Structures are given as C-alpha cells and as structure tokens.
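These exercises concern charged side chains that pair with each other. Work through each task before reading its solution.

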Amino acid sequence: MNLINLQLRNFRNYDNLYLEFNKNINLLVGKNGQGKTNIVESIYMLAIGKSFRTNKDKELIKFDRENLYIRGNFDKIGGVRGIELFIEKSKKGIKVNKIPILKIAELLGNLNVVIFSPEDLKLVKDGPKERRAFIDKEISQIMPKYYNYLMNYNKVLLQRNRHLKGYKVDGDLLDVYDMNLAKYGSYIYIIRRDFIKKLSGISKKFHEDLTDKRENLSIDYKNQIDLTDDDDFSTANEKMLEKLNSHRNGDIESRTTRYGVHRDDLNIYIDGLDVRMYGSQGQQRTASISIKISEIELIKMEVGEYPVLILDDVFSELDEVRQGLLVDKLKHIQMFITTAELSHKNIFNKKNTTVFNIDNGRVASIENGGN
Ligand SMILES: Nc1ncnc2c1ncn2[C@@H]1O[C@H](COP(=O)(O)OP(=O)(O)OP(=O)(O)O)[C@@H](O)[C@H]1O
Ligand SMILES: [Mg+2]
C-alpha cells in the first residue's frame with residue numbers, strides 16, 4: 001500500500017501543509033529541528049491513532065493554536081481510502097472514509113506502517129519490556145482483535161495487582177481475576193507464539209543477506225509457564241490457571257502477579273548463542289535490523305500487501321553496504337526516510353525518489369524524480 005498525499009493543519013511546527021508522495025522513496029532532508037520527524041509522526045498517527053513520541057496529544061497541536069487536523073489518502077487493495085484525525089484539547093476524533101470511528105481497534109489495520117528509529121537498533125540489547133512492546137505493537141497492527149485481548153488482559157492484571165496490594169485478600173475475587181487472566185493470556189500466548197515463529201523464519205533469511213550468510217539467527221518465544229508449541233488454547237488456559245493457582249500464596253506475599261504473558265520475552269540467538277549475552281554490539285544491531293525489517297514481510301504475508309516503511313534517522317546509522325542492501329531489497333515498498341545529511345545520494349535511483357527539503361516547518365523545495 002502507499003500513502004498518496006498528506007495534509008496537515010497546525011500539527012507541530014506546521015501551519016498548513018499539503019504533500020503528494022512518491023510510490024517508492026520519499027527522502028525528507030533538512031537540518032536538525034526543522035520538522036522531518038514531525039511529518040513521519042503525523043503519518044504514523046494516521047495508522048495508529050497516536051504518536052510514537054508522546055502520549056500527550058496536546059503536545060502535537062501547534063503552539064498557540066486550538067486544534068490540529070491531519071488527513072491522508074492511501075492506496076490499498078480494494079481502492080483508495082482516507083483517514084482524518086482531529087484533536088482539540090483532550091478531544092480526539094478519527095474518521096475512516098469520512099465515517100467516524102469509536103475505538104482505536106477500528107482504525108488499526110487500515111494503513112499499515114512500520115517505523116524504524118534509532119531505538120529499534122537496541123531491540124536486542126533492550127530489556128524484555130521493550131521487546132514485548134515491539135511484539136505487541138506489531139501484532140496489534142495486523143490483528144486488531146489481539147489489541148483488544150491485550151487491553152483486557154492488562155485491565156485484569158492491574159485489578160489483580162491492586163487487590164493484592166490491598167488490605168485484605170478475597171479468594172473468590174482472585175478466582176475471577178485468575179480465570180480472566182488465563183483466558184486472555186492464552187489467546188495472547190498463542191497469537192504471539194505463531195507470530196514469533198513466522199518472524200524467526202523471515203528474519204533468519206534477512207540476516208543471512210545482511211551478513212553474507214556468515215551468521216545464523218534464530219528467535220524463540222520465552223514464556224515462564226512452560227507452554228509448548230503443541231499446546232492449544234484450552235491446554236494453555238488450563239496450564240495458566242494452574243500456575244496462577246499454585247503460586248497464589250507467593251503472589252499474596254509479594255503482592256504482585258509473578259506469572260503470565262506480561263513477563264514473557266524473546267530468546268534471540270546467533271549460531272546458537274544468546275546474542276543479548278554473548279553478541280558484540282555490531283551483531284546486536286544487525287540482529288535488531290533483521291528482526292525489525294522482517295515485520296515488513298510478515299505484514300505482507302498477513303495482509304496481502306506491503307506496509308509503508310518509515311526510517312526515521314536510522315539510514316545514516318547504517319554503513320553504505322547495508323544502506324544499499326536495504327534500498328535494493330525494499331525497492332517495491334513505499335519508504336519515508338528522514339535524514340539530516342544526504343551523503344550517499346547515489347544509492348537512490350533518481351526515478352523512484354522524491355526529495356523534500358524541509359526548513360523550519362515548511363517544505364522549501366521538492367526534487368521530483370517522477371513516478
Ligand atoms: N507543538 C508544537 N508547536 C510548534 N512547534 C513544535 C511543536 N512541537 C515541536 N515543535 C518544533 O518542531 C521542531 C522539531 O521537529 P522534528 O522533531 O520534526 O525535527 P527533525 O527535523 O526531525 O530534527 P532532527 O534532525 O534533529 O531529528 C522543533 O523545532 C520544535 O520546536
Ligand atoms: Mg528527527
């Protein structure tokens with residue numbers, strides 16, 4: 001799929017902006033602090049309904065203005081669609097094809113966007129929380145149902161933990177919490193397990209390309225309930241319930257829920273060794289790139305077409321060989337690449353590339369390679 005155009009009104013440092021995009025590569029070039037990331041942030045908002053930089057929608061409204069508006073049309077199997085987003089104070093409205101939606105889950109899955117920023121280069125090195133967030137975000141995009149399970153799970157988890165921290169523990173109430181945690185947890189487990197299995201297969205191939213077949217990357221899902229690949233929903237459900245039951249006393253003592261999908265993680269190996277512990281910095285970064293880029297193929301498999309890819313400030317972090325590989329491998333995908341310097345212009349095929357020169361909340365000039 002590809003974003004055809006974008007309109008911004010009072011978004012961050014933009015007054016009024018209307019852009020039409022290249023189906024392939026869109027380079028957003030400009031000095032620091034000019035508004036490159038602001039543009040990709042607004043694109044991301046159309047996909048997910050919120051920013052990747054802040055949870056406070058108010059920060060997105062241009063200083064001294066009352067409200068903001070973002071609109072984008074994108075081409076997708078089945079025709080052109082439009083998304084509009086309006087924010088005023090704490091009010092937010094989203095329309096898909098001019099029809100207002102009530103829940104974020106209804107927005108997800110319309111415009112698929114994968115964003116790759118410098119933090120993602122730390123995916124392998126980061127803590128389990130960040131890796132879980134990565135997995136959850138990716139699955140939610142292709143499976144809005146998953147997002148609902150996750151929200152429900154987190155709600156019950158919060159209630160259970162709050163109760164455990166309270167004055168007196170009510171066994172009957174814990175029974176209800178446990179039943180719900182096991183139910184939503186099993187859905188989450190099974191969906192994650194399938195996702196990670198596919199991710200592992202794809203990232204293995206991608207990693208071979210990036211390392212000239214020198215390294216063998218593999219990923220598996222680390223869950224602390226000892227669930228296996230053969231477990232179906234009802235077995236997973238039983239095992240989770242049993243785990244919560246047999247550790248209830250310990251939970252009461254430590255006043256928190258110690259077992260469940262909220263503590264799961266990924267194991268990431270290169271040639272059989274845990275990269276987090278034994279990998280070099282370079283290996284950890286390359287493995288992060290392989291995993292992150294694999295999402296693109298995965299979305300293609302699930303959704304039937306490629307998502308839009310945003311590379312925010314990561315391009316200049318890659319060496320020339322990897323830049324070339326990436327551009328070549330992803331040539332059939334629409335990309336938005338922000339960069340403060342354009343030192344390797346030769347990597348881009350002029351015909352497939354449009355350069356937007358960004359200067360202080362304005363697009364100062366456009367070099368169009370044509371489509
Ligand atoms: N709500 C807002 N209203 C007006 N201006 C804003 C608002 N939020 C951020 N800005 C301005 O946007 C600019 C930052 O934009 P952005 O993050 O897109 O920069 P960038 O071009 O990506 O820079 P870098 O190369 O450093 O990443 C800053 O100058 C900041 O003051
Ligand atoms: Mg930026």
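**Exercise 1.** With which residue does Arg 248 form a salt bridge, and how far apart are the closest N and O atoms?

Solution. The model is predicted: local features need pLDDT of at least 70, side-chain atom pairs count only at pLDDT 80 or more, and totals for chains, interfaces and linings use all residues. Residues are numbered from 1 along each chain as its sequence is written, and side-chain values use heavy atoms, with hydrogens and water left out.

Step 1. Apply the criterion: a side-chain nitrogen of Lys or Arg within 4 Å of a carboxyl oxygen of Asp or Glu. The partner of Arg 248 is Asp 175, with the closest N and O atoms 2.7 Å apart.

Step 2. Arg 248 is in helix 7 (residues 248–254) and Asp 175 in helix 5 (residues 171–210), so the bridge ties together parts 73 residues apart in sequence. Helices here are DSSP runs (H or I, at least four residues), and strands are runs of E of at least two, numbered from the N terminus.

Step 3. Look at the wider set. Arg 248 and Asp 175 belong to a salt-bridge network that also includes Arg 160, Asp 178, Asp 251 and Arg 258.

**Exercise 2.** Are Arg 248 and Asp 175 buried or partly exposed?

Solution. Buried means under 20% relative accessible area, exposed over 50%, and partly exposed in between (1.4 Å probe, protein chains only). Arg 248 has 14%, so Arg 248 is buried. Asp 175 has 39%, so Asp 175 is partly exposed.

**Exercise 3.** Where do Glu 295 and Lys 292 lie?

Solution. Both are in helix 9 (residues 281–303), three residues apart, about one turn of the helix.

Note on methods
Chains are lettered from A and ligands numbered from 1 in the order in which they are written.
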